[in-house]
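Please examine the sequence and the model shown below. The paragraphs that follow lead through selected features one at a time.

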Amino acid sequence: MWWGYSPALDIQHEVNESKTNCLGECLEVLIVGAGDARHIVKTLASSYLHHDRIIKYNVIESTLEQVGRSILLLSTCLEKNLGLQEATRYYLEIFGNTLVRPATAKYLIKLSNNLADIPTGTIDCPWLSLENFKHKDKDRLEAIFKFWKRATCENIPIVEYWDQRVRKSLNTRYDYRNGVFDWDYHIILKSRDVSYLTVQEYRFWRNNGIAFTWLEGEPVRSNPTLLSNIIQYGPGFVHYTYLGEITNGPFFTWILEELKHNRKYRATDVAEYEIMHCIYEIKTKEPLCEDLFASHRDRSILNSTIISESPNNEMEQESWKKEATKYKTDNIFWTNIENHKVIFHPITSIETLKFKADYVNRFDFLWVAHNMVKQLPNLSPLLKKGAIVLIELQKYLIEIREEKLHDFVKELKDNAKKCGLREIGDINSKKHCIAKFCKT
């Protein structure tokens, strides 16, 4: 729910590589159900490698909480006042950890406070458009940002929420959960070519929801951006407990890239490497020197340092109530990306856009999450002839067994053919995590 299960893609590279469409000066992109902003981040980072063109990212997510998280993560990548390592670790912790370091929590409070003014138009965000949302959706998005600020201060017991989910999921196997986690890792994940994720990291995440860790700081503050169904109720808020997934993890978006050197890396190291490169390239429009990346890491703890001890539960319960009024709304200084615009649409747009003349035959590129494949009949009329379609497969979902992976690809091919989509290359359920098509 909160992250995808396929690598971040440079959209311009994917379109150029296909050579099926003559593109103009404006690239219209539609991203459906990605769960995070990874494709936008990767495309922004790689834009200096391609022809200078306007790109409009039209994004549809299932919930407003996912919209808010995407805005927050994009803002973290674009904010000028953050250091390179600082922004990288803020991004990864907010993206994939139930608990974050105190410094990250303070940043989350400050940023949520500022972003709450974007839906109301108090702060102008030049790279973002929420015009397609109704007023009630904008009000609820504002409430979500305000909730994140308050919940971070009060430090909600998110690890308890996580443990409740694990207990309910495993039932009588809960006391032997580490054996279950080891089985899922060695028997399923390792057979699906996951190179850098270690069993210690995976088991640690399955136990408490903390995916990315560093020795330099202990994660003890709750990350409320992972909570669902946030609604303002009088002067306060109501919310559900943790409803995200608890079996696969946020690892597969940034750790699947094969690094050139042969050092032993954790998933955290690879994800940090990839995000740091992206943020640097967005801001400077040039590649990051390997020596510069190394200068941000202590060589003595760079390789294969595993954290396997859960944070102190009493520290998690400390409240920062005084911090709630500390931060005033200030202007956020973002890196200039004038040729790029992120446009969010409500989830109802999936069924309504095909009836709007402005959107029929509009898009050059479509990316669809694995759980949105049934929406292809609604999405295909929106594509230009020759448009590229990338569909996420279920390769890295632990709960999906081998025969189901094959069945999913077979059904996908049938549905795509009915929607006027032609396969680009072979689709192998065991090898590939993305299926490529072209609109005929």
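In this predicted model, Asp364 and Lys384 form a salt bridge, with their closest N and O atoms 3.0 Å apart. The two residues belong to distant parts of the chain: Asp364 is in strand E9 (residues 363-368) and Lys384 is in strand E10 (residues 383-392), 20 residues apart. The partners may also be described by their accessibility to the surroundings. Asp364 is buried, because its relative accessible area is 3% and buried means under 20%. Lys384, with a relative accessibility of 29%, counts as partly exposed.

Side chains of opposite charge can pair when their charged atoms come close. In this structure the count comes to 18 salt bridges.

A further salt bridge is formed by Asp182 and Arg203, whose closest N and O atoms are 2.9 Å apart. Asp182 lies in helix H8 (residues 177-189) and Arg203 lies in helix H9 (residues 199-208), so this pair ties together parts that are 21 residues apart in sequence. Asp182 is partly exposed, at 23% relative accessibility. Arg203 is likewise classed as partly exposed, at 24%.

Where do Arg150 and Glu154 lie? Both residues are found in helix H6 (residues 135-154), and they are four residues apart, which is about one turn of the helix.

The next topic is the cysteines. How many disulfides does the structure hold? The number is zero. The case of Cys77 shows the reasoning. The cysteine sulfur closest to that of Cys77 belongs to Cys278, and the separation of 7.4 Å is too far for a bond. Cys77 is buried, with a relative accessible area of 1%. Cys153 is buried as well, at 1% relative accessibility.

Glu403, Asp407, Glu411 and Asp414 form a negative surface patch. One of these residues, Asp414, is located in helix H15 (residues 402-418). Asp414 counts as partly exposed because its relative accessibility is 41%, a value that falls between the limits of 20% for buried and 50% for exposed.

A patch of another kind is nonpolar. Ile231, Tyr233 and Val238 form this patch on the surface, and together they have about 320 Å² of accessible area. Tyr233 is part of strand E6 (residues 231-233). Is Tyr233 buried or exposed? Its relative accessibility is 62%, so Tyr233 counts as exposed.

Loops also deserve a careful look. Pro219 is placed in the loop between H9 and strand E5 (221-222). Pro219 is buried, with a relative accessible area of 11%. Although Pro219 and Thr104 are 115 residues apart in sequence, their C-alpha atoms are 9.0 Å apart in space. The reader may locate both residues in the sequence and then in the model.

Two other loop residues are described by the backbone angle phi. Asp193 is situated in the loop between H8 and H9, and its phi is near 65°, a positive value in a residue other than glycine. Asp193 is partly exposed, with a relative accessible area of 49%. Asn229 is in the loop between E5 and E6. Asn229 is not a glycine, yet its phi is positive, at about 50°. With a relative accessible area of 31%, Asn229 is partly exposed.

Terms used
Residues are numbered from 1 along each chain as its sequence is written. This is a predicted model: local features need pLDDT of at least 70, side-chain atom pairs count only at pLDDT 80 or more; totals for chains, interfaces and linings use all residues. Side-chain values use heavy atoms; hydrogens and water are left out. Patches are made of residues with over 30% relative accessible area and no salt bridge: like charges are joined within 9 Å, nonpolar side chains (Val, Leu, Ile, Met, Phe, Trp, Tyr) within 5 Å. Accessible areas come from the Shrake-Rupley method with a 1.4 Å probe; for residues, only the protein chains shown count as cover. A salt bridge is a side-chain nitrogen of Lys or Arg within 4 Å of a carboxyl oxygen of Asp or Glu. Lys and Arg count as positive and Asp and Glu as negative; His and the chain ends are not counted. The place of a charge is taken as NZ of Lys, CZ of Arg, CG of Asp or CD of Glu. Buried means under 20% relative accessible area, exposed over 50%, partly exposed in between (1.4 Å probe, protein chains only). A disulfide is a pair of cysteine sulfur atoms within 2.5 Å.
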